[in-house]
Amino acid sequence: MSHTREHWGSRLGFILAAVGSAIGLGVLWKFPYTVGNNGGGLFLFTYFICIIAIGIPVLIGELLLGRKSQRAAVGAFATLTEEKPRWKVAGWLGVISSFLIMSYYSVIAGWGMSYILMSLSGFYHNLSSTDMASVFQKLSESGSITVFWHFLFTVITMGIVLSGVRKGIEFWSKIMTRALFAILFCLFLYSMTLEGFGKAAHFIFYPDLARFKFSSVLEALGLAFFTLSLGQGIMISYGSYMRKQENIPQMACVIGFSVIIVAILAALTIFPVIFTFGFQPEQGTGLIFKTLPYLFAQLPGALVVSTIFFTLFVFTALTSAIPFIEVVATNLMELLGWSRKKAVLIVAASTFTFGIPSALSNSHEIFRDWQSIYGINFLDTIDNLVSVWIIPIAGLLTAIYIGWVLKRDIPKNEFPFGKKWHFYFLLWRFFIKWIIPITIFLIILQKSGLVDFDYIFGLSR
């Protein structure tokens, strides 16, 4: 069967779509508390090194797989090595991870949409920090409200993907990613006026060797994978829409360094608010919904600041949710011959349905004994399954496939010509064959609890 492949309308369109995909809730939701839990500056520096040395090389690999094959994740592995069909499992893991992430991602994004409405109504007036935390508790335990926002966010994402690559994904990514940068930069400028900005900058950039743990290095690498949308089939699909003349290593560097810039801006936006009011940065996932609204309420222009922040939160969620549905739908279109409309509608309906237990995970209206049996609620179970197992294993298999299974000439021909780029190709191939598989394997060992490197290296505390 011949496939007519839609391509990005412009280089800028691809960059903004890819950057928007990479800059998701991982930067605003997961990144701040991970930095807080791992001591600040040294972890941030390690995270940047992981982005440059590990994340960008894997990103280059995924993009070239997509462009060379002109297929989505599963088809890319099947097309490039037809004699070794078993490697399609790496593509399927990416598809599965995108499906599972979307199922609970829309729940978290839905809470953000609720907080926009709550901020506009000034819900935080005269509430203590304890009362503010209980507001989120009440929201998360309200099954019907959470399902409503989960449904609405899924429908919005579906509507964008239905319009195709250029008219849907590229068009809206140009608008939302630009708005994302503008909103984040304005909030950053506002944070610079706060008393806690100096303390925040010291916390973020000062390397605290006393708090260094080997597991923090692995945590940084795992976060780099999550924030760059690697191991999820996304960049393979986006690479398949690239034109031959585009410089893949150059584009990958632009995406990687854009994520670094946004991560710094996000940290310098959130932590000054925390330090201004004497709160501790080592807070968990409740930082966004429990702590920040209370702190925003103490600032001048609280209604505007809070509303803008949660609008930013939803925009980041939306730009990265779009490829989750696109990846699964595109693979179904290629493998089953479905139309885009049929594939997107079925995928959206399926992720919404599968996400209902996540939406009801705190209300206990379904699977009442889940947490008592498995130790964490349904949403956190799916999140852990994806982040601890599926994404790292998919990344490991992809690196091994590119470095050891794929014929050397295939990636070489996707690199630009010239002596300079030949050197970078050799350096990239060394990392993709040796450094990256070893480091991802270490992540799996540490995150799974099979090995405790902190204990081995005497760094546990």
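## Crossing of H3 and H19

The crossing of H3 and H19 is left-handed (the near helix is turned anticlockwise from the far one by less than a right angle; clockwise would be right-handed). Helices here are DSSP runs of H or I with at least four residues, numbered from the N terminus. The two helices pack at an angle of about 115°, and their axes are 10 Å apart. Axes are lines fitted to C-alpha atoms over the stretch in contact, and angles run from 0 to 180 degrees between N-to-C directions.

H3 contributes Ala53, Ile54, Pro57, Val58, Ile60, Gly61 and Leu64 to the contact. H19 contributes Trp428, Phe431, Ile432, Ile435, Ile436 and Thr439. Contact means heavy atoms within 4.5 Å. By class, the H3 and H19 residues are eleven nonpolar, two polar and no charged. Ala, Val, Leu, Ile, Met, Phe, Trp, Tyr, Cys and Pro count as nonpolar, Asp, Glu, Lys and Arg as charged, and the others, Gly among them, as polar.

## Basis of the model

This is a predicted model, in which local features need pLDDT of at least 70, side-chain atom pairs count only at pLDDT 80 or more, and totals for chains, interfaces and linings use all residues. Residues are numbered from 1 along each chain as its sequence is written, and side-chain values use heavy atoms, with hydrogens and water left out.

## H17 against H19

H19 (residues 419–447) also packs with H17 (residues 378–405). Their axes come within 9 Å and cross at roughly 155°. That makes H17 roughly antiparallel to H19 (angles over 145 degrees count as roughly antiparallel, under 35 as roughly parallel, 65 to 115 as roughly perpendicular and the rest as oblique). The H17 and H19 crossing is left-handed.

On the H17 side, the contact residues include Val388, Trp389, Pro392, Ile393 and Leu396. On the H19 side, they include Trp428, Arg429, Ile432, Lys433 and Lys447. The class count for H17 with H19 is 16 nonpolar, two polar and three charged residues.

## H5 against H6

The axes of H5 and H6 (residues 129–141) come within 11 Å and cross at roughly 125°. That makes H5 oblique to H6. H5 passes H6 in a right-handed crossing. Trp111, Ser114, Tyr115 and Met118 of H5 meet Val135, Phe136, Leu139 and Ser140 of H6. The contact of H5 with H6 has six nonpolar, two polar and no charged residues.

The largest nonpolar core has 164 residues. Such a core is a set of buried Ala, Val, Leu, Ile, Met, Phe, Trp, Tyr and Cys residues joined through side-chain atoms within 4.5 Å. Buried means under 20% relative accessible area, exposed over 50%, and partly exposed in between, with a 1.4 Å probe and protein chains only. Phe14 and Tyr47 have the most contacts inside the core. Beyond its neighbours within four places in sequence, tyrosine 47 is in contact with Phe31, Ala220, Leu223, Ala224, Thr227, Val259 and Ala263.

Helix H4 (residues 73–80) has six of its eight residues buried, so it is largely enclosed by the rest of the structure. The buried ones are Ala73, Val74, Gly75, Ala76, Phe77 and Leu80. They pack against H3 (41–69), H5 (88–120), H11 (234–240), H14 (302–336), H17 and H18 (409–414).

Valine 27 sits in helix H2 (residues 25–37). Valine 27 is buried, at a relative accessible area of 2%. Not counting residues up to four places away in sequence, valine 27 touches Pro32, Thr227, Val262, Ala263 and Ala266. Valine 27 and leucine 228 are 201 residues apart in sequence and 9.8 Å apart in space, C-alpha to C-alpha.

Leucine 345 belongs to helix H15. Its relative accessible area is 34%, so leucine 345 is partly exposed. Leucine 345 touches Met158 and Leu162, again leaving out residues up to four places away in sequence.

Most residues other than glycine have a negative phi. Histidine 364 is not a glycine, yet has a positive phi of about 60°. Phenylalanine 367, not a glycine either, has a positive phi of about 50°.

Histidine 364 is in the loop between H15 (340–359) and H16 (370–374). Phenylalanine 367 lies in the loop between H15 and H16. Histidine 364 is partly exposed at 31% relative accessibility. Phenylalanine 367 is partly exposed at 41%.
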